[in-house]
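Please read the points below alongside the model.

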Amino acid sequence: VTAMPPTRAPQGAGGHVGYGKIILLGEHSVVYGRRAIAAPIGLTVRAEVGRGTPGQAPIITDWDADGSVQEPISADVSHRVATLIAARLGLPQSGVRVDVFSELPRASGLGASAAFAVALIRATAECFSIRLSDEQVSSLAFECEKIVHGTPSGIDNTVATFGRPILFKKTDAPSGHEIRDIVTPNPIPIVIGLTGMHALTSHTVAAVRAAWQQRPARYDAIFDQIDSLVGEGADALRRGDTVELGELMNINQGLLNALQVSSPELEQMVAIARRAGALGAKLTGGGGGGAMIAVAGSAGAEPIRAALRGAGYTTYLTEIR
Ligand code: MEV
């Protein structure tokens, strides 16, 4: 018997957050041990956890911004994530009630699943008075991401936990992944555009894997090229060189297209953004739909946002800082 959730969101701004993210350069190749750059965006997932009936499956309610209940993208996946978290925290039979408040559009390549896992881990730990380091939060969120994505690189859960721009390289070393902070001299405005097409990262990651397994040398060469763009991109960010960053993003988009993870809507948005003055534009995250990012030129972000809105797309503005 499932308890009926209340029909309005509970009041109060308590709970714990995980950060949504964009990948500036290097998605997909990062799964194969190449570097990538990611940064948090100002949108989070927040979770509140209360004790439920011991022995009962987790009860998860997803709240929309207007306070109404929203359908989970996959209730089964959310339950498996919550059950894994309870088991790993030594609470297999505790029973939890979870309220989830997401500012992040879901299945859009903006890291909503990792942000959900991080928020839920933090809120569950607090509810049961368990102290966790950020490293422990991130590593448990990585296990959750395996349920959602299959073979995640670890970049999404890292940014969802730490909420800072990073240069990331997956390693199998016991010391963990290589993670470096990236500090820019000035905030860099980035326009995010949503295609409105839900895309599951697990699908595009699996498609790239199948291609790579057929022709590893061919695809490794593309991954290597992306890796060198990422290295140059980290330098450009540290100098605050948005012209160089934009060019690197444009080339990265070409290589993502070569990996066949772009889509007609993404290509259209990239073209609109560049025409409206963006220094560079590319898909971000898994692709196949989802989101595009553009770095604004001297005319600023507004003409890019207006042009994308004019074509019917939803936009957000964020800053790399
Ligand atoms: C997803 O945000 C980024 C991918 O590279 C997958 C991953 O790194 O886990 C597509």
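How many Å separate the centres of domain 1 and domain 2, taken over C-alpha atoms?

1. The separation is 23 Å. Domain 1 covers 16-181 and domain 2 covers 188-320, with bounds from an automatic or database domain assignment. Their contact (heavy atoms within 4.5 Å) takes 33 residues from domain 1 and 45 residues from domain 2.

2. This is a predicted model, in which local features need pLDDT of at least 70 and side-chain atom pairs count only at pLDDT 80 or more, while totals for chains, interfaces and linings use all residues. Residues are numbered from 1 along each chain as its sequence is written, and side-chain values use heavy atoms, leaving out hydrogens and water.

3. The largest pocket has a volume of about 750 Å³. A pocket here is an open set of points on a 1 Å grid over the protein atoms alone, where a 1.4 Å probe fits, with protein on both sides within 12 Å along at least five of seven lines. The volume is the space filled by probe spheres set on the points, which are joined across faces, edges and corners.

4. The lining of this pocket (residues with an atom within 4 Å of a point) has 44 residues, and Ala112, Ser113, Glu145, Val148 and His149 lie nearest the centre. Both domain 1 and domain 2 contribute to the lining, so the largest pocket lies between them.

5. Helices H5 and H6 (residues 216-239) pack at an angle of about 125 degrees, their axes 5 Å apart. Helices are DSSP runs of H or I, at least four residues, numbered from the N terminus. Axes are lines fitted to C-alpha atoms over the stretch in contact, with angles from 0 to 180 degrees between N-to-C directions.

Conventions
Helix = DSSP H or I, 4+ residues; strand = E, 2+ residues; numbered from the N terminus.
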